[in-house]
Amino acid sequence: MDWEQMKTQLEAILGTPLSIKDIPADEWEKLAAGEQQTSGAAGAVRSAAADHSIYFPLQKSGHNVRVLLAPDGLMTSSERQLVELTIEARRASERKAALPGQSDEEKRIAALREWLLEQTELGVTEAELPDSFVSQLSLYYTRIPILLYGDYSTTRRVTYQELKKLLETFFDGDIILIPLLDKEWLILGSEGLLVSGGEERDDDAEETVEETLSALVSGLHAMLESEWVGECHLAVDLPLKPAQGLLGALLRLRETMMLGRLFHVTSNIHLPWMLRLEKLLHLLPDRDKAKFLEQVLKGADHLLDAETQTTLEQFFALDCNVSETAKKLYVHRNTLLYRLDKFKQETGLDVRTFSDAVLVRIVLLLYKVTKRK
């Protein structure tokens, strides 16, 4: 959903500066509880005042809640109510956006979409699908859940039939496509793709499920990149039975997408089993992240220029193999050793040892998200 556009429109109407930020979900829950105590209101809290600001919840994503912030002293109660109603209207508009065509399948998909969005907005994390959806859409069978986010222009409208036809060509039919928020689509592929996509390696070792899924979404991204207008992001989760686990899978996929885009901005494919460390680090308070960087780098932040970051990331990606890293970077082995030795002299960290490599790997991840330069 394009919250930035809504923020700009509200600023123009109210003449009040607004901002959008992500806060921990438990922080929002405390704010909401305090608002209920203060106002005595029951039901969902649509805004909460604290620390001279008014918090308007927009949407939940993983462990965070995206909120719209407004200065408390610059907004009247009527204007606050106007913002609340505008947010609700925007959500309702997104949920009720009509799918092109009037087929029975599309109506059932629209109803499932509405149910999923309602559950996520209510903060529900696990819930079985209603029997009507399960039976009508054949959701008893194991499926591969894939989340697609299209980075296409807001002026371009991608239709349900257009995208489904394209995906059916790639998956050779048998998919379920569910449009969610703006530019966000949930794809449920057949479990048979694991059999047809899994190939034996040259050393006769069979591919793991994770490797097969990685190859599948890599191929899907290549196809979408060539056949679609604009870039896209993909996240995939392990196969599941949608009847019991679709809602939880959607939340995990959104979290995977968020972590991937936050920690690895140049990547378009996000795999949960490759983001376990990133997930753990994301839970740390910002002050702890900054403190860790200060303790490890000891003020030598300037050393992490683009060349050094690329060198270290390739070194870690290739299991700290000097020869393979030099080949990947197209530099002489001695040049790579010089860079690593220079980094050691400046920081006291030798990434060719296990303990220092672990520290520097964490530093690189935290350095990106704290935007320290």
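Q: Great. What kind of model is this?

A: It is a predicted model, so everything here is computed from that prediction.

Q: How many helices and strands does the chain have?

A: The secondary structure comes to 15 helices and 9 strands.

Q: And what does the chain span along its principal axes?

A: The C-alpha trace spans about 65 × 55 × 35 Å.

Q: What share of the residues is buried?

A: Of the 373 residues in the chain, 44% are buried. As for contacts with a separation of 6 or more, 65% of them join residues 24 or more positions apart.

Q: Let's talk strands. In what order do the 4 strands of the open sheet come?

A: The order is β1-β4-β3-β2, with antiparallel pairing. The edges are β1 (19-24) and β2 (48-50), each of which pairs on one side only. From one strand to the next, the twist averages 40°.

Q: How many bridges join β3 to β4?

A: There are 8 bridges between β3 (residues 53-61) and β4 (residues 64-71), and the two strands run antiparallel. One spot to look at is F56, which stands opposite L68 in β4.

Q: What actually holds paired strands together?

A: In general, strands of a sheet pair through backbone hydrogen bonds, either parallel or antiparallel.

Q: Okay, switching to β8. Is it mostly covered or open?

A: Mostly covered: β8 (residues 232-236) has 5 of its 5 residues buried.

Q: Which residues sit on which side of β8?

A: C232, L234 and V236 are on one side, while H233 and A235 are on the other. Both faces are covered, and these residues are all buried.

Q: Which strands are joined to β8?

A: Strand β5 (residues 143-150) is joined to β8 by 5 bridges and runs antiparallel to it. Strand β9 (residues 269-270) is joined to β8 by 2 bridges, and that pair runs parallel. To place them by residue, I146 has V236 in β8 as its bridge partner, and L234 stands opposite I269 in β9.

Q: I146 again! What does I146 touch?

A: Beyond residues up to four places away in sequence, I146 touches F171, W185, L186, I187, L216, V217, L220, L234, A235, V236 and L253. I146 is also listed with L112, I178 and L224 as having the most contacts inside the largest nonpolar core, which has 52 residues. There is a second, separate core of 30 residues, which includes V296, L337, V360 and Y367.

Q: Now helices. At what angle do α11 and α15 cross?

A: The axes of α11 (residues 286-297) and α15 (residues 354-370) cross at roughly 130° and come within 10 Å. That angle makes α11 oblique to α15. The crossing of α11 past α15 is left-handed.

Q: Which residues make the contact?

A: On α11 they are K289, F292, L293, V296 and L297, and on α15 they are L359, I362, V363, L366, Y367 and T370.

Q: Is K289 buried or exposed?

A: K289, which lies in helix α11, counts as buried because its relative accessibility is 6%, and buried means under 20%.

Q: So what is K289 in contact with?

A: Leaving aside neighbours within four places in sequence, K289 is in contact with L281, H282, L284, L366 and T370. Of these, L366 and T370 are among the α15 residues in the helix contact.

Technical notes. Residues are numbered from 1 along each chain as its sequence is written. This is a predicted model: local features need pLDDT of at least 70, side-chain atom pairs count only at pLDDT 80 or more; totals for chains, interfaces and linings use all residues. Side-chain values use heavy atoms; hydrogens and water are left out. Two strands pair if DSSP finds at least two bridges between them. Axes are lines fitted to C-alpha atoms, for helices over the stretch in contact, and angles run from 0 to 180 degrees between N-to-C directions. Buried means under 20% relative accessible area, exposed over 50%, partly exposed in between (1.4 Å probe, protein chains only). A nonpolar core is a set of buried Ala, Val, Leu, Ile, Met, Phe, Trp, Tyr and Cys residues joined through side-chain atoms within 4.5 Å. Contact means heavy atoms within 4.5 Å. Angles under 35 degrees count as roughly parallel, over 145 as roughly antiparallel, 65 to 115 as roughly perpendicular and the rest as oblique. A crossing is left-handed if the near helix is turned anticlockwise from the far one by less than a right angle, and right-handed if clockwise.
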